[in-house]
Amino acid sequence: MPLNPPLRTWRDQRVWVIGASYGIGASIARQLIDAGARVALSARKRNLLDEIAAGSDALVVPLDVVDPASVRDAAAQVRKAWNGFDLALIVAGTHVEMRAQNWDLGRARSLLDVNLFGVLHCLDAILPTLLAQRSGGIGIVASVAGYVGLPKALVYGASKAALINLVESLYGDLHPLGIGVYLINPGFVDTPLTRKNDFRMPALISAEAAAAATLAGIAEGRFEIHYPKRFTRWLKLLRILPYPLQFRAVRKVTGL
Ligand SMILES: NC(=O)c1ccc[n+]([C@@H]2O[C@H](COP(=O)([O-])OP(=O)(O)OC[C@H]3O[C@@H](n4cnc5c(N)ncnc54)[C@H](OP(=O)(O)O)[C@@H]3O)[C@@H](O)[C@H]2O)c1
């Protein structure tokens, strides 16, 4: 039994993609446009959004998730154009590699400003519409880095763990009202975000494959959409191991 209502077609669905200028969000937006959805594209870099929208009827609605007023303005533009929406996907996020040895409070705060407060600003702008409609859905991209504490992900992992918990609570509140809630947990995806990594990324997949898995999971009505399974299943197992075994396994696999 899927935890959300399955979707028969993307055609004419009104989907707002936040974080659509490059990476996973841009691939999601392109695939939605190809599938006949009505798409609103948001991120900071307007020129990249314009390129994705070119030749389609996609709306371009720039915003900075760190600035709540810009997110509210963008939501008002989307509502005005479409009189509501069927799905909002919050994909925007950033990554800063950090360990205790290179602790930097300023960088930790900026990361949380985007990955946690950015999502809260989006929720602030999206929830009133969903609650008034009593229909539609919201998907939030967290990460398998939120399952367990991993080296080099000192604050990034914490931001994603917070999102996982947030989306679980949201499901309890919104599902009874008929609103879909989707938790999206990718493994390693080849995007500008991961191209900075200096280590071998196991089971790395393309942004196109990540987008296809995300949209397929939503269409099937899944709550948690995690991929690629050959990687994410191991991390799920790690999460339920007793700490001595979990710590040993993480050290053995990462060498850190
Ligand atoms: N790549 C991976 O392996 C991986 C794995 C697990 C989870 N994730 C998560 O998946 C999401 C997308 O990752 P990605 O790899 O596609 O990252 P990416 O290539 O760096 O793309 C990030 C997207 O977020 C937007 N963004 C960043 N800061 C923003 C801000 N302040 N306001 C509005 N938009 C902002 C960027 O657009 P602008 O710069 O134009 O604003 C861009 O569209 C992130 O939440 C990431 O944590 C990624």
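Visitor: Let's start with K152. Buried or exposed?
Guide: K152 is buried, because its relative accessible area is 16%, and buried means under 20%. Keep in mind that this is a predicted model.

Visitor: Which residue does K152 form a salt bridge with?
Guide: With E97. The closest N and O atoms of the two are 3.7 Å apart.

Visitor: Where do E97 and K152 lie?
Guide: E97 is in the loop between β4 and α4. K152 is in the loop between β5 (137-141) and α5. The pair therefore ties together parts that are 55 residues apart in sequence.

Visitor: And what does E97 count as?
Guide: Partly exposed, because its relative accessibility is 28%.

Visitor: How many salt bridges are there?
Guide: The count comes to eight. One of them joins E224 and K236, at 2.6 Å from N to O. E224 sits in strand β9 (residues 224-227) and K236 in helix α7 (residues 229-240), twelve residues apart. Salt bridges that share partners also join E97, K152 and D198 into one network.

Visitor: What about R222?
Guide: Its side chain meets that of E220 in a salt bridge, 2.7 Å from N to O. R222 counts as partly exposed, at 44% relative accessibility. E220 is partly exposed too, at 41%.

Visitor: Why can such side chains pair?
Guide: Side chains of opposite charge can do so when their charged atoms come close.

Visitor: New topic: the ligand. Which residues come nearest?
Guide: R44, K45, Y156, V189 and T191, of the 30 residues around the ligand.

Visitor: What is the shell made of?
Guide: It divides into 18 nonpolar, eight polar and four charged residues. Helices α1 (23-34) and α5 (156-174) each supply at least two residues of the shell.

Visitor: How much of the ligand's accessible area does the protein cover?
Guide: It covers 97% of the 880 Å² that the ligand has on its own.

Visitor: Last one. Which residues make the nonpolar surface patch?
Guide: W103, L105 and L154, in a patch of about 320 Å². W103 lies in the loop between β4 (87-90) and α4 (105-133). W103 counts as partly exposed, at 48% relative accessibility.

Methods
Residues numbered from 1 in each chain as written. Predicted model: local features only at pLDDT ≥ 70, side-chain atom pairs only at ≥ 80, totals over all residues. Heavy atoms only, no water. Near = heavy atom within 4 Å. Areas by Shrake-Rupley, 256 points an atom, 1.4 Å probe, with all protein chains shown as cover. Helix = DSSP H or I, 4+ residues; strand = E, 2+ residues; numbered from the N terminus. Nonpolar A, V, L, I, M, F, W, Y, C, P; charged D, E, K, R; others polar. Patch = residues over 30% accessible without salt bridge, like charges linked within 9 Å, V, L, I, M, F, W, Y side chains within 5 Å. Salt bridge = Lys/Arg side-chain N within 4 Å of Asp/Glu carboxyl O. Buried < 20%, exposed > 50% of the residue type's maximum accessible area, 1.4 Å probe, protein only.
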